[in-house]
Amino acid sequence: MALFGNAHSIDPASAQQDYARLLGHGEQVHAAYLLIRDTILFTDRRLILIDKQGITGKKTEYHSIPYRSISHFAVETAGHFDLDAELKIWLSGSPTPVQKTFTKGVDIYEVQAILTQFVTR
């Protein structure tokens with residue numbers, strides 16, 4: 001499920017308001033990233049991938065991944081020639097990882113720390 005384009009961070013409080021209908025009672029957004037038209041939310045309970053589909057983007061898929069279903073993950077930092085950082089997440093029972101690309105401006109170590117905090121509970 002690799003998406004094209006690069007993610008950049010957005011204000012978690014804004015994401016909390018924008019996607020309030022998706023969140024459970026008391027669920028908090030800790031980090032959010034925008035990827036062209038798509039959004040990645042890291043909440044205290046799960047990872048939510050919001051995939052805008054079609055030309056108009058009116059059709060939307062909301063993919064909810066409980067942290068307990070993440071078997072392992074990897075981050076690749078940006079380099080001199082490759083300016084993008086990458087996140088790969090493997091889900092239980094799936095050999096192919098979910099892949100996301102982040103711009104150089106995103107602190108990929110922050111993304112890794114968020115995943116570590118919630119996946120290792």
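**A strand and its partners**

Tutor: Happy to! Strand S4 and strand S5 (residues 59–66) pair in the antiparallel sense, over eight bridges. Here strands are DSSP runs of E with at least two residues, helices are runs of H or I with at least four, and both are numbered from the N terminus; two strands pair if DSSP finds at least two bridges between them. Before going on, note that this is a predicted model, where local features need pLDDT of at least 70 and side-chain atom pairs count only at pLDDT 80 or more, while totals for chains, interfaces and linings use all residues. Residues are numbered from 1 along each chain as its sequence is written, and side-chain values use heavy atoms, leaving out hydrogens and water.

Within this pairing, Lys52 stands opposite Thr60 in S5. Five residues lie between the strands of the S4 and S5 hairpin, where Gly54 takes a positive phi near 80°.

Now look at Arg46, which forms a salt bridge with Glu27, their closest N and O atoms being 2.8 Å apart. A salt bridge here is a side-chain nitrogen of Lys or Arg within 4 Å of a carboxyl oxygen of Asp or Glu. Arg46 lies in S4 (residues 46–53) and Glu27 in the loop between H1 and strand S2 (29–35), so the pair ties together parts that are 19 residues apart in sequence. The structure holds one salt bridge.
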